[in-house]
Number of protein chains: 2
Amino acid sequence: MITDSTAIDRLIDSLPAQIITTDPDVVASYAADQSQFTDRALPVAVAMPRTTEEVAACVRVAHAHGVAIVPRGAGSGLSGGANTPADAIVLSLHRMTAIRELDTDNRIVVVEPGVITAELRNYVSKAGLYYPPDPGSVDFCTIGGNVATNAGGMCCVKYGVTGDFILALECVLADGRIVRTGRRTVKGNAGYDLTSLLVGSEGTLAIITEITLRLLPAPRQPQTLVASFSTLDGAGKAVRAISGAGITPSMLEILDRTTVKAVDDMTKMGIGDDTAALLLIQHDGVDAPNVLADIEQHCTSHGAGEIVVSSDPTEAEMLLEARRQALPALERLGDWLLDDVCVPCSRITDLIAAIEQIAQQTGLTIGVFGHAGDGNLHPTVIYDKTDAASRDAALEAFNEITQKALELGGTITGEHGVGRLKAGWLRKELDPVNIEVHQAVKHAFDPTAVLNPGAVLHIHG
Amino acid sequence: MITDSTAIDRLIDSLPAQIITTDPDVVASYAADQSQFTDRALPVAVAMPRTTEEVAACVRVAHAHGVAIVPRGAGSGLSGGANTPADAIVLSLHRMTAIRELDTDNRIVVVEPGVITAELRNYVSKAGLYYPPDPGSVDFCTIGGNVATNAGGMCCVKYGVTGDFILALECVLADGRIVRTGRRTVKGNAGYDLTSLLVGSEGTLAIITEITLRLLPAPRQPQTLVASFSTLDGAGKAVRAISGAGITPSMLEILDRTTVKAVDDMTKMGIGDDTAALLLIQHDGVDAPNVLADIEQHCTSHGAGEIVVSSDPTEAEMLLEARRQALPALERLGDWLLDDVCVPCSRITDLIAAIEQIAQQTGLTIGVFGHAGDGNLHPTVIYDKTDAASRDAALEAFNEITQKALELGGTITGEHGVGRLKAGWLRKELDPVNIEVHQAVKHAFDPTAVLNPGAVLHIHG
């Protein structure tokens with residue numbers, strides 16, 4: 001990377017003043033996403049293009065001057081994918097917020113990357129359509145960031161992840177060329193699946209400027225069941241029984257003992273004392289009442305204590321409150337470091353049990369919550385940022401959890417992405433030849449490593 | 001490509017005799033797949049490796065000697081993806097037929113590429129599990145070929161295509177290195193989605209030696225409805241009404257007037273005279289009887305004549321006979337050239353109407369059948385191979401149909417792949433920058449263009 005200030009000055013001078021700023025306060029606020037324990041430095045400028053052509057202009061001049069570019073959605077990521085190295089410019093897509101087209105006949109919506117995911121969901125729901133992905137940050141994250149990280153959420157057990165809804169992309173390549181990938185039909189095999197390759201590539205291969213998404217018909221109002229278990233094993237067996245019976249809930253979440261206690265301490269819901277695990281389950285099929293009865297039976301057979309079922313939307317919202325308050329409740333206990341591992345569904349209780357041991361060994365509080373239906377859990381390590389020993393212990397616990405997920409046949413990231421946080425871990429999960437192929441693909445798209453060079457493969461200029 | 005016979009002799013000598021043959025009869029039978037109007041030449045040898053290591057050995061020596069390799073499943077493709085250029089060796093994976101693992105807990109099966117797709121479906125169904133993809137060639141195609149072409153079938157409207165079920169791959173790269181991509185969890189964002197990139201790449205990026213597939217719980221016995229329409233427009237409106245009502249059938253097929261007549265002439269089913277279009281619909285949801293009643297209502301509202309509904313499996317098989325006999329019935333009329341276009345679902349009747357015009361203009365019989373539910377149609381041009389003028393007319397009709405699909409916002413291939421048949425068309429569908437990215441990706445995987453160089457991008461040595 002060329003990092004001399006002349007190059008950067010020339011870069012800034014060659015772009016319209018309306019779309020680039022070096023204001024120190026603005027620049028400082030764009031240095032990092034919401035991740036912990038990740039490298040970041042002050043960027044030299046923030047570009048805020050309004051159109052695809054302006055994105056291309058920014059990328060062209062950065063490429064010409066050898067300046068790294070970090071594309072950014074809302075900065076809500078948890079893996080450092082939007083952290084900046086020194087001498088880089090941030091390219092924020094927050095001004096590109098148009099919904100360009102809604103084709104209700106073919107259930108397709110075409111949007112710019114800066115649209116907030118919740119706003120997209122609301123927009124299409126007014127036309128009786130449904131965009132399922134619902135990451136925890138749905139109210140403030142952007143669809144562009146969701147595509148770049150292949151974001152998930154609670155819907156995935158039934159509906160899949162962001163990538164499952166992407167039909168086509170418009171992107172700006174590392175040298176400023178504009179490319180369109182994909183198609184508007186639900187099937188299509190014309191050439192390589194570059195769309196899927198770009199989804200989840202965290203801004204290291206191209207910058208997404210337009211997204212064509214497929215939508216579903218509006219779902220039915222779900223029915224909700226919450227079951228508490230006095231043993232972790234019982235909850236795990238209930239999850240396996242539900243899945244083994246061929247039931248596909250539209251939500252299947254778990255909270256472990258530590259998380260339940262933290263929520264109970266905060267909310268005084270009265271769910272804490274004997275609860276080793278809480279399952280929160282929804283079903284939005286036409287036969288939900290019968291399926292809920294079956295689910296209830298599976299929970300009871302595996303030792304569930306209290307079970308509450310509701311078909312009333314308001315009551316359902318209250319039942320889900322424990323899940324929604326999981327992270328806020330854990331946050332009250334100290335600083336937090338959130339993991340995002342995913343294991344084969346049959347191993348989730350093995351993972352939670354191992355995490356209980358890790359918590360004992362390190363003396364830290366670790367709450368676990370997440371998507372039991374697809375094996376994607378978010379162990380959350382509580383520590384004290386101001387205490388070096390606590391920081392070390394937190395990082396040790398985090399690493400042991402991630403290692404355990406790999407040992408159980410899992411992956412280092414279910415939905416948050418690799419970013420900078422797990423670039424080292426990527427080399428433990430993937431075999432060396434796979435890393436070589438990654439590097440070859442990166443080089444094919446971005447030979448001078450201008451695009452987000454620190455993320456995923458951790459390329460240094 | 002180096003093509004001197006010394007290199008090829010050295011290549012053959014360096015492999016075990018049990019896995020390579022130059023027997024002229026064998027070699028001749030491996031020159032092409034089932035496609036028409038596609039280039040092919042005699043390969044110099046056929047390699048028949050039994051293990052991943054033997055595949056790697058074949059690829060290493062071919063790479064070292066600069067000899068092109070064409071990987072091949074059952075040779076049932078319709079786009080020339082397995083046709084061979086001159087001086088190439090065919091690498092047939094038909095000996096790699098092991099089912100390596102079935103994990104019923106996590107609904108995963110791990111197979112070698114030579115397993116026949118129907119055998120895979122039967123194998124997992126005995127464990128109460130379901131592998132949906134059902135290409136027309138399901139009884140003789142291989143899962144490896146299905147992955148290489150991202151094959152579809154009648155299930156796609158509800159269940160998706162082959163790629164939607166692939167979790168992980170083991171592949172041999174162009175220089176003989178072995179790589180593993182993907183994971184065993186249902187979610188995962190560790191690095192680039194190389195698995196999706198390799199699915200549908202038609203043997204041009206790597207050779208697939210092991211496939212990890214996700215499975216579903218066994219589906220319910222479907223209910224079946226067949227409706228005949230005296231106007232094409234009515235059938236199209238019924239399809240849109242069904243989709244617009246948020247109904248997702250497990251099958252939604254259409255036969256046009258020409259195909260219905262051909263089937264009726266052959267089978268004497270008595271469905272032909274007034275029928276402009278036939279819809280064949282299945283639903284395998286728990287509420288199938290109610291949904292079928294809704295579907296019947298939509299068909300009636302849009303002018304359906306006779307409607308037959310059945311929940312009896314044997315009767316359902318009889319009802320589907322017209323669909324199954326579509327290609328055999330058209331085959332009786334002459335030689336055939338099958339297209340595989342896909343348009344947005346709202347445009348299928350526009351496409352069928354345009355094809356009727358093209359048939360009139362060219363004086364050829366063109367039957368249309370296919371997957372109305374996802375817009376993927378198979379217009380089938382009937383011609384006389386022995387007549388040069390008829391051949392020219394067939395190719396002209398084929399090209400006009402493909403062009404029309406693009407004009408309607410569609411794609412040149414819904415499920416058969418580009419192969420050699422549509423390598424020229426790929427450059428009409430994709431923008432020039434997209435083609436440049438394709439070439440860069442191909443170069444990243446296979447810099448000397450050893451792997452199936454004539455397919456997809458039509459690279460000449």
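Partly exposed, as used in these legends, falls between buried, under 20% relative accessible area, and exposed, over 50%. By that scale Arg180(B), at 41%, is partly exposed. The model is predicted.

**View 1. Chain A and chain B meet through the same surface.**
The contact draws 73 residues from chain A and 73 residues from chain B. Together the chains bury about 5300 Å², 58% of it on carbon and sulfur atoms. Three residues, Lys187(A), Asn189(A) and Tyr192(A), supply 18% of the area that chain A buries against chain B, more than any other three residues. Of the interface residues of chain A, 100% are also interface residues in chain B. A rotation of 180°, with 0.0 Å of shift along its axis, superposes chain A on chain B at an RMSD of 0.0 Å. The two copies are thus related as by a two-fold rotation axis.

**View 2. Polar contacts and salt bridges span the interface between chain A and chain B.**
Between the chains there are 32 residue pairs in polar contact. Helices and a strand of chain A contribute here: β9, α7, α8, α15 and α16 each supply at least two residues of the side that touches chain B. Helix α16(A) gives the most, with ten residues. By class, this side of chain A has 29 nonpolar, 29 polar and 15 charged residues. The count of salt bridges between the chains is eight. One of them joins Asp105(A) to Arg240(B), with the closest N and O atoms 2.3 Å apart.

Lys187(B) sits in the loop between β9 (178-182) and α7 (194-198) of chain B. Its relative accessibility is 3%, so Lys187(B) counts as buried. Other residues of chain A in contact with Lys187(B) include Gly152(A), Cys156(A), Cys342(A), His371(A) and Asp374(A).

Side chains of opposite charge can pair when their charged atoms come close. Arg100(B) and Glu210(B) meet in a salt bridge, 2.3 Å from N to O. Arg100(B) is partly exposed at 35% relative accessibility, whereas Glu210(B) is buried at 8%. A salt bridge also forms between Glu170(B) and Arg180(B), with the closest N and O atoms 3.3 Å apart. Glu170(B) is buried, with a relative accessible area of 8%.

**View 3. Lys237(B) and Asp233(B) pair within helix α8 of chain B.**
The closest N and O atoms of this salt bridge are 3.0 Å apart. The two residues are four residues apart, about one turn of the helix. Lys237(B) is partly exposed, at 43%. Asp233(B) is partly exposed too, at 42%. In chain A, salt bridges that share partners join Arg100(A), Glu112(A), Glu170(A), Arg180(A) and Glu210(A) into one network.

**View 4. Pro379(B) is buried in strand β19 of chain B.**
Its relative accessible area is 0%. Residues in contact with Pro379(B) include Leu337(B), Leu338(B), Val341(B), Ile355(B), Ile366(B) and Ile401(B). Ala304(B) is 75 residues from Pro379(B) in sequence and 23 Å away in space, C-alpha to C-alpha.

Definitions and conventions. Residues numbered from 1 in each chain as written. Chains lettered and ligands numbered in written order. Predicted model: local features only at pLDDT ≥ 70, side-chain atom pairs only at ≥ 80, totals over all residues. Heavy atoms only, no water. Contact = heavy atoms within 4.5 Å. Buried area = accessible area lost by both parts, 1.4 Å probe. Salt bridge = Lys/Arg side-chain N within 4 Å of Asp/Glu carboxyl O. Polar contact = N/O pair within 3.5 Å; in protein donor to acceptor, adjacent residues only side chain to side chain. Nonpolar A, V, L, I, M, F, W, Y, C, P; charged D, E, K, R; others polar. Buried < 20%, exposed > 50% of the residue type's maximum accessible area, 1.4 Å probe, protein only. Least-squares fit on C-alpha atoms with pLDDT ≥ 70 in both. Lists of a residue's contacts leave out its neighbours within four places in sequence.
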